[in-house]
Amino acid sequence: MIASIAQGLHLSLDERDHLFRLSGHMPPARGTTGEHISPGLLRILDRLDDTPAEIVTELGETLLQTPLGVALTGDTTRYTGLARSIGYRWFTDPATRTLYAAEDHAFLSRMFASGLRELATLRGTGSRAAHCAELLREESQEFRRFWDQHEIGIRPDQVKRFVHPEVGVLELNCQRLLDPDQSHSLLVYTAAPGSESHERLRLLSVIGTQTLR
């Protein structure tokens, strides 16, 4: 409850920690495992109500979405445990892939395996990233195949293709803003003005608003 109050008030990490101590509790962890979103990222997200956007951790766990972000990808904050990570869901939940063009699946599998290898190496053997990789090696033959290729440095394409069940294929540019203190990223999805995807995104903003209501 205290964490929710601190986040709702857009407190800084120091202010959040002070609030916890005033309440007689130890503050939560900071850094790469923390989930307190910085006031700066929150202020930017609050101004993107007409744009698909989300704030994610370095493991791809969604912390917050704009309404149009929910309309585009569904509510990805609802997951618990390792299923919060899109990389984990990619290899364990087939429904995750329906949102992406089939011809992109092989590349995305390589990218998620490569990214997790890089992150597990960076954070060390006792990290959540390393634990996630260990579980995926046990649960997914496909992940093991890509993991054993030892690929590093595969980065996402700037243009992502989403397959929405109501408006069809959307080709959206993804811009990333990184908060290095918390290793959180603000992802903002936009379409080229005048493109078919731009018109479909406008349609989604109408459909999505009606659905959410």
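Buried here means under 20% relative accessible area, exposed means over 50%, and partly exposed is in between (1.4 Å probe, protein chains only). Helices (H or I, at least four residues) and strands (E, at least two) are DSSP runs, numbered from the N terminus.

A note on what I'm looking at: this is a predicted model, where local features need pLDDT of at least 70, side-chain atom pairs count only at pLDDT 80 or more, and totals for chains, interfaces and linings use all residues. Residues are numbered from 1 along each chain as its sequence is written, and side-chain values use heavy atoms, with hydrogens and water left out.

**Helix 7**

Which residues of helix 7 are buried? I found Ala 129, Ala 130, Cys 132, Ala 133 and Leu 136.

Then I checked the length. Helix 7 has 12 residues (128–139), and at 1.5 Å a residue it should span 16 Å; the rule is 1.5 Å times one less than the number of residues. Its end C-alpha atoms are 16 Å apart, so that agrees.

**Thr 92**

Next I looked at Thr 92, which lies in helix 5. Buried or partly exposed? Thr 92 is partly exposed, because its relative accessible area is 34%. Leaving aside neighbours within four places in sequence, Thr 92 is in contact (heavy atoms within 4.5 Å) with Leu 136 and Glu 139. I also noted that Thr 92 and Ser 140 are 48 residues apart in sequence, yet 6.9 Å apart in space, C-alpha to C-alpha. The side chain of Thr 92 reaches the backbone oxygen of Tyr 88 at 2.8 Å.

**Cysteines**

How many disulfides does the structure hold? I got zero, counting a pair of cysteine sulfur atoms within 2.5 Å as one. Cys 132 is buried, with a relative accessible area of 1%. Cys 174 is buried too, at 14%.

**Whole chain**

Last, I stepped back. The chain has nine helices and five strands, and from the N terminus on they run α-α-α-β-β-α-α-α-α-α-β-β-β-α. Of the 213 residues, 45% are buried. Among contacts with a separation of 6 or more, 53% are between residues 24 or more positions apart.

Methods:
A polar contact is a pair of N or O atoms within 3.5 Å; within protein, one must be able to donate a hydrogen and the other to accept it, and residues adjacent in sequence count only if both atoms are side-chain atoms.
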